[in-house]
Amino acid sequence: MPKGRYLAEFELYVMSALSLLGEEAYGVTIRQEIEKRAGRRVAIGAVYATLSRLADKGYVAFRVSDPRPVQGGRARKHARLTPSGERALRASTAMLRKMIPALSSGDPRGGRQ
Amino acid sequence: VRPPRLAERLLRAATPAEDREFLLADIAEEFQRLTASAGRGAAARWYWRQTLASLTPLVGGRATRRFRQVRSLRLSSSGIAADLMQAARFVRRHPGMSFAVVSILTIAFAATLAAYVIIDAVLLAPLPFPSADRIVTVRATGPTLSRGVRSSSRPDVEDWRERSRTFTTLSAYTPEEYRLTNRGEPRSVDAVRVMAELDRVFGLKPLVGRLFEPGDFTNGSAPVAILTYGFWVSEFGKSPDAIGRTLRLDDRDYEIVGILPDAGMHVPPGPHQIWVPLIPREGAFWEHSRGTGWLFAVGRLRDGVTIEQADADLTVVARQLAAQYPDSNRPKTEAELTPLRTELVGPVAPMLQLLGAALATVLIIGCANIGSLLAASAAARTREFAVRSAIGAGSLQLARQITGETLLLCGVSATAAAAISPLFVRAFLSLYPNPLPRAVQDEGILAAAVPATILALAVSCLLALPQMLQVRRISIRGEMSGMSRATASRGQRIGRAALVGLQVALSFVLITAGVSFIRTVRALSDVDNGYQSDGVLVFTVAPPPTQTSADGSLNFYEGIVEALRGIPGVRAAASAVGVPMTSAGWRFGIRPAGASSDVLVSVNLTSPGYFDALGIHLLGGRLLTPEEQRRGAGVAVVNEPLARVLGGQVIGRKFPYSNTTWEIVGVIDGVRSVRPRDDPMPELIIPWHMAGRRPQAIVLRAQVDPISLLPEIRARVHGVDPTAPLNDVARLDDRLREAAGLDRFRAAMLAALAGIAVILAGLGAYSITAFSVARRTREYGIRIALGERPRSVGRRALAAACIPAAAGIVTGAVASLAGAWWIQSFLYGVSASAPSTLIGTAVLLFIIAMAAGVPSARRAAAIDPVLALGAE
C-alpha cells in the first residue's frame with residue numbers, strides 16, 4: 001500500500017462498523033456499534049469527521065435517504081464502504097493479523113500507524 | 001424534550017454545513033431515546049459530553065480539509081500546468097479577443113512601466129552619494145530678503161564652516177564660463193569654481209588622480225583643474241594620460257590633476273565639464289566682499305543631526321555674523337536648509353507626477369475596458385462553466401480556470417511590455433524638452449522585470465474578479481436545460497455599467513486636463529513679451545581674458561556691435577548684460593513703502609540702441625543718451641513694473657541704490673525676460689559703462705533669417721577678437737518656443753493619452769450595448785412581438801451605453817473639479833475648471849458614447865421576433 005493509505009485506528013473502527021452494519025449505517029448506528037464492540041466512549045463529531053476524511057480518501061460514499069413516512073421521520077445520511085474502501089479494510093486487517101502474534105504481550109488492538 | 005440549548009448551538013457551529021442537519025438529528029434521536037430510558041438529567045449530561053468530545057475532531061477535521069484544498073490549489077504544479085493548458089486552449093478558441101486584450105494590456109503596461117522606470121530613476125532612487133540624505137543646500141536669508149537670491153558670500157561660507165557644530169563640512173561653488181584655447185577651435189567650456197572640501201560634502205573619491213588639496217586654494221599656487229567623467233570621455237577618450245596635461249582656460253594653463261567619478265548627474269548640480277579651485281580674483285570686489293551673495297552653498301550634516309537642529313545652529317551663527325558685521329550681514333539673520341534631493345528633483349517632480357498619474361489613469365481605463373470584455377466573455381461562457389460544474393468542478397476549480405486565463409493574458413502582456421518599455425523610456429527622454437536633473441540609465445528589460453511581475457499579478461487579480469462574480473452562481477440545471485434566464489442579474493448589469501462609467505469618468509478627467517494644457521500653450525504664444533522677437537538672433541560672447549579694464553571691455557562690445565551693423569541685411573545690433581531668454585544682470589531687493597518684504601529688482605546695462613533693436617517701447621521720458629551710457633552718473637531708466645512698485649509718477653524722482661542717488665529720466669515697457677508665463681520683473685537700467693568686465697549678450701535684428709548670416713557674423717566677431725567663441729547662438733523666436741517646450745510636451749502627452757482613453761471608452765460603450773442586445777435578444781423579440789415600436793426598443797438598447805456614460809460624465813466632472821487645483825499649477829491664462837472646457841468635454845463624450853451604441857441599437861430595433869424566439 002502506498003504511503004498515506006494506512007488506516008488510523010479510529011478509521012479502522014468506523015470502517016469495520018460500516019462493514020458490519022451494511023445498509024443500516026448512519027451516524028447513530030455507527031457510533032453505537034463502535035461503543036458496543038470496542039467498549040469505549042465515541043463522540044458523534046468524531047464519527048462524522050472521520051467519515052468525511054474517509055470520503056475524501058475515496059473509501060466511503062454517502063447516500064441521503066428519503067424521509068421516512070412516519071411522525072418526525074427525517075432524512076438520514078447513510079454511509080457505505082466503496083470497493084476501494086473494502087480493499088483497504090481487508091489489507092489493514094490482514095496486516096494486523098500478521099502483526100499481532102509478534103506482539104504477544106502487546107496491546108491486542110494493535111499499534112497506531 | 002429539547003436538548004441543552006447551548007450545547008446544541010456549539011455543535012451546530014462546529015459542524016461543517018453539509019453534515020450539520022444530519023449530525024444534529026442523529027444526536028437528537030439518541031438524546032430522545034436516552035431521556036425516555038435514563039431520565040432528563042442523565043440525557044443532558046450525555047449530550048454535553050458528546051458535544052465537548054465532538055468539538056475537537058469536528059473543528060480539526062474542517063481545518064485539515066480546508067488546508068488540503070488550499071494546498072492542492074497552490075502547490076500542485078501539475079495542476080497549474082493543467083490550468084495553463086486550459087488557458088492556452090481558451091486563447092486558441094478566442095484568438096480575436098485574446099489579441100485585443102493582449103495588445104491593449106501590453107501598451108498600457110509598457111507605458112506604465114516606462115513611467116515607473118523614469119520616476120524611479122529621477123525622483124525615487126537615492127542620490128548616488130554616500131549618506132546622500134545628509135547633504136543639504138544652505139541659504140542665508142532673513143525676513144526682509146526675497147527668496148531666490150544666491151545669498152552666500154565666500155567669507156560667510158568660511159565662517160559657517162568654522163563656527164557651526166552640526167555639519168561635517170560645508171562648502172560652496174559658482175558656475176563660470178571659460179575660454180578654452182589649446183584644444184582645437186577656441187570654445188567656451190562650463191566650469192564650476194569650487195571652495196575647499198566640496199568633494200567631502202558629496203563624499204567623492206577621485207576616479208583617476210587626485211581631488212583638490214588645501215594648497216590648491218592659496219593665492220599664487222599653480223592652477224589645477226579636475227575633469228568631470230563626461231568631459232574626460234569626450235575630450236580624452238578615457239585615457240589616463242589626461243592627468244598632467246594642461247588646459248588653457250582664459251589664457252592661463254591649468255594642470256589636470258584628477259578625474260571625477262561618473263555619478264549619473266552633475267556634481268554639483270548644473271551643467272559643467274571642469275572643476276577649478278575658487279581663488280578670489282583681483283579686481284572682482286564681490287569675490288572678496290562679505291555683503292555679496294554669489295555662491296551656492298552646500299553642506300553635509302553630522303550623523304544624527306536633523307535639518308531643524310542644523311537650521312537652528314546656523315541661525316545662531318548667522319545672528320553672530322549679523323551682529324559682528326552689521327554693514328553687510330544685518331538682513332541675513334536666518335539660515336534656510338533644503339535637502340539636496342528636494343532642491344534637485346523638486347522642479348521636475350510635478351511634471352513626472354503628472355506623467356505617472358496620467359499613465360496610471362490610462363492603465364485603469366485599459367483594465368476597466370478589458371475587465372468588462374472578459375466579464376462579457378465569461379457571461380457568454382456560462383454554459384461551459386455549468387458543464388464543468390456538472391462534471392464536478394467546484395467553485396475553486398472554476399476560480400482556478402479563470403485565474404489561469406487572466407494570468408496567461410497578463411503574463412504575456414507584461415513580458416511583452418517589459419521588452420518594449422525601454423523604447424517608451426527612450427521616446428519620452430528624446431521628446432522631453434528640458435534636461436532632467438538625473439540620468440535615466442538604460443537598464444533594458446531588467447529594470448522593469450520586478451514591477452512588470454507585480455503589475456501582471458495585480459491586474460490579473462483585478463481582471464479575474466468580475467469574471468468570478470459572473471460565474472459564482474450558475475444554475476447548472478437552468479443552463480443545461482436551456483432554460484436559463486436570458487438576462488444578466490442586476491448585480492452583473494450594474495457591475496458592467498460601472499466599468500463603462502469608470503472609463504468615461506477617467507477619460508473626462510484626461511480630456512479636460514489635455515484641453516487645459518492646449519489652451520495654455522495657446523495663451524503662452526499669444527502673450528505679449530514686451531519685445532519683438534522675429535528676425536532677432538542672440539548670442540553671448542565674453543571679452544578676451546587679456547582685456548582687463550572696464551573701458552577695454554566696453555570697446556570690445558562696441559567694436560563687435562559696429563562690425564555687425566555693417567553686415568548687409570542687418571537692421572540693428574546692440575549688446576546688453578541682460579537680454580531676454582539669454583542672460584541676466586544682477587538683482588537686488590528694494591522695500592516699497594508700506595511693504596513687509598523686499599521686491600527683487602534686476603539691474604540691466606545696455607549699449608546705445610538696445611531698446612530699439614529689440615522693439616521695447618519707451619512709455620515716458622527719455623532713454624539714456626550715448627554720452628550718458630559711456631560716462632554718465634546718477635541717471636537711470638526704470639521699467640513699468642518698477643515704476644509701479646515706486647508708486648506711479650517716477651520721472652524726475654530720485655532713487656537710491658548702491659550708495660548713489662539716481663534720477664529717473666525715463667520709463668520703458670516691462671519685458672518677460674526669463675519665462676513668458678512670469679510677469680515682467682522690475683528692472684533698473686543704469687549707464688552701460690558700469691557693466692565693467694561683465695560678460696554681455698549680443699542682439700541682432702535682420703531682414704532675413706538671421707541664422708543665414710551666421711558665418712558672416714562669426715567672421716566679423718573674429719575680426720574684433722580672433723579667438724572669441726560665440727555661445728548660446730539662437731533665434732530669439734526659437735528660445736521662446738523652447739521656453740514653452742514643457743507646456744507643449746504636456747499638452748501633446750495629455751492629448752495623446754486622452755485620445756487613447758476616448759477610443760477605449762468608446763469601445764467600452766460599444767461592447768456594453770452589443771453585449772446587452774445579444775443577451776436580451778429574446779426580450780426585445782417579445783417586446784416587438786407584443787407591439788412595442790422598433791424605435792423604442794432601439795432607445796432601450798441605447799440606454800445601456802448612455803446611462804453609464806452620463807453617470808461617468810458627472811463623476812468625471814466632479815473629479816476634474818476636485819483635481820483642478822493641481823492641474824492649475826501647470827496652467828497659464830486659463831482655468832482648469834473653465835466651464836467651456838467641462839461642457840465641451842461632456843458633450844464630446846456623450847456623443848461618442850451614443851455613436852458607439854448606435855450600431856447595436858439598430859440591431860435591436862431590427863430584431864425579428866420569430867427568429868429571436870426560434871433561436872432558443
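**Close-up views of a predicted two-chain contact and of chain B**

**View 1. The contact between chain B and chain A.** In this predicted model, 19 residues of chain B are in contact with 22 residues of chain A, contact being defined as heavy atoms within 4.5 Å. About 1800 Å² is buried between chain B and chain A, and carbon and sulfur atoms give 50% of that area; buried area is the accessible area (1.4 Å probe) that two parts lose on being put together, summed over both. Phe22(B), Asp26(B) and Glu30(B) supply 31% of the area that chain B buries against chain A, more than any other three residues.

Residues are numbered from 1 along each chain as its sequence is written, and chains are lettered from A and ligands numbered from 1 in the order in which they are written. Local features need pLDDT of at least 70, side-chain atom pairs count only at pLDDT 80 or more, and totals for chains, interfaces and linings use all residues, while side-chain values use heavy atoms, with hydrogens and water left out.

View 2. Between chain B and chain A the rule finds 5 salt bridges, each a side-chain nitrogen of Lys or Arg within 4 Å of a carboxyl oxygen of Asp or Glu. Asp26(B) forms a salt bridge with Arg74(A), their closest N and O atoms lying 2.7 Å apart. On the side of chain B that touches chain A, the elements giving two or more residues are helix H2 (17-38) and helix H3 (40-75) of chain B. Helices (H or I, at least four residues) and strands (E, at least two) are DSSP runs, numbered from the N terminus. H2(B) provides the largest share of this side, 10 residues. The residues of this side of chain B divide into 8 nonpolar, 2 polar and 9 charged, where Ala, Val, Leu, Ile, Met, Phe, Trp, Tyr, Cys and Pro count as nonpolar, Asp, Glu, Lys and Arg as charged, and the others, Gly among them, as polar.

**View 3. A salt bridge within helix H2 of chain A.** Over all chains, the count comes to 51 salt bridges. One of them joins the side chains of Lys36(A) and Glu33(A), at 3.7 Å from N to O. Because Lys36(A) and Glu33(A) are 3 residues apart in helix H2 (residues 27-38) of chain A, about one helical turn separates them.

**View 4. The open four-stranded sheet of chain B.** This open sheet has 4 strands in the order E12-E20-E11-E21 (chain B), with antiparallel pairing; two strands pair if DSSP finds at least two bridges between them. Strand E12 (570-576) and strand E21 (727-731) of chain B stand at the edges with a single partner strand each, so one side of each has no neighbour in the sheet. From one strand to the next, the twist averages 15°. Strand E11 (residues 536-541) of chain B is joined to the antiparallel E21(B) by 3 bridges, and Thr540(B) has Asn727(B) as its bridge partner in E21(B). Helix H19 (residues 550-565) of chain B packs on the sheet, touching E11, E12 and strand E20 (696-702) of chain B, and its direction makes about 170° with that of E12(B). Axes are lines fitted to C-alpha atoms, for helices over the stretch in contact, and angles run from 0 to 180 degrees between N-to-C directions. Helix H23 (residues 710-720) of chain B lies across E11, E20 and E21 of chain B, at about 35° to E11(B).

**View 5. Strand E7 of chain B and its partners.** Strand E4 (residues 208-209) of chain B runs antiparallel to strand E7 (residues 252-259) of chain B, with 2 bridges. Strand E5 (residues 224-227) of chain B pairs with E7(B) in the parallel sense over 4 bridges. Ile259(B) is the bridge partner of Val208(B) and of Leu227(B). E6(B) and E7(B) form a hairpin with 2 residues between them, and Asp250(B) in the turn has a positive phi of about 45°.
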